[in-house]
Amino acid sequence: MANITKQQVLDAFKFRCACRYYDPNKKISKQDMEYILELGRLSPSSVGSEPWKFVVLQNHEIQEKLHPVTWGIKHPMNELSHLVIILAKKNARYDSAFLRDSLLKRGLTEEQLQATVARYKNFQQHDIKILESERTLFDWCSKQTYIALANMMTGAAMIGIDSCPIEGFDYDEVNRILAEEGVFDAKEYGVSCMVTFGYRSKELKKKYRKPAEDVIQWVE
């Protein structure tokens with residue numbers, strides 16, 4: 001870790017821009033793509049729930065079905081190297097089998113398990129108030145996927161790979177198409193967001209960010 005300098009990290013952040021112009025003749029190696037996906041898998045999540053799946057959609061026929069309803073991807077699908085669709089878990093309640101399984105993997109005793117479930121119930125019901133509907137629970141899981149999304153894009157930038165986060169699509173249609181294609185079980189997961197990866201085909205416009213004094217507040 002000591003070999004990575006702060007300047008190298010900052011340079012990667014400055015290099016990373018939303019890329020909409022990919023070189024169709026330059027593809028990401030399997031090794032580099034596995035590295036990017038591993039960054040997503042290793043990302044933190046609320047209560048360690050890991051409420052995500054990363055679908056690397058390389059099937060061109062399904063990509064073409066998505067393209068008409070995915071207006072955030074303006075270029076032809078064959079220009080990008082990889083399209084990753086990030087799914088979020090549905091109904092991840094404190095008392096669900098999904099969260100119970102994640103706790104059991106930690107090697108908790110039954111007593112510890114019951115105490116942790118009670119803590120999660122209080123968290124979901126009173127602290128963050130997400131038990132009101134299936135949508136609020138899904139949105140909570142979707143928030144966690146954006147941590148993984150950011151880590152993958154940053155890690156890609158650090159090795160010179162471009163990316164673009166995608167929210168510009170018809171969510172109902174994309175979910176329908178992917179579910180009908182058997183990509184996932186719509187009762188268990190839903191699409192949170194997408195991200196494209198590849199290599200830029202031309203220089204990108206310098207991105208604007210608000211000055212630090214507008215967005216950073218120190219309270220001492």
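Some ground rules. Residues are numbered from 1 along each chain as its sequence is written, and side-chain values use heavy atoms, leaving out hydrogens and water. Because the model is predicted, local features need pLDDT of at least 70 and side-chain atom pairs count only at pLDDT 80 or more, while totals for chains, interfaces and linings use all residues.

A salt bridge here is a side-chain nitrogen of Lys or Arg within 4 Å of a carboxyl oxygen of Asp or Glu. That rule gives 9 salt bridges.

I will start with D95 and R93, whose side chains form a salt bridge at 2.9 Å, N to O. For exposure, buried means under 20% relative accessible area, exposed over 50%, and partly exposed in between (1.4 Å probe, protein chains only). D95 is partly exposed at 44%, and R93 is partly exposed at 29%.

Next, R100 and E110 form a salt bridge at 3.8 Å, N to O. This pair links distant parts of the chain, 10 residues apart: R100 lies in helix α4 (residues 97-104) and E110 in helix α5 (residues 110-127). Helices are DSSP runs (H or I, at least four residues), numbered from the N terminus. R100 is partly exposed at 36%, as is E110 at 47%.

Then D139 and R135, with a salt bridge at 2.8 Å, N to O. Both sit in helix α6 (residues 134-157), 4 residues apart, so about one helical turn separates them. D139 is partly exposed at 30%, whereas R135 is exposed at 57%.

Last, E173, R176 and E180 are joined in a network of salt bridges.

Notes. Helices (H or I, at least four residues) and strands (E, at least two) are DSSP runs, numbered from the N terminus.
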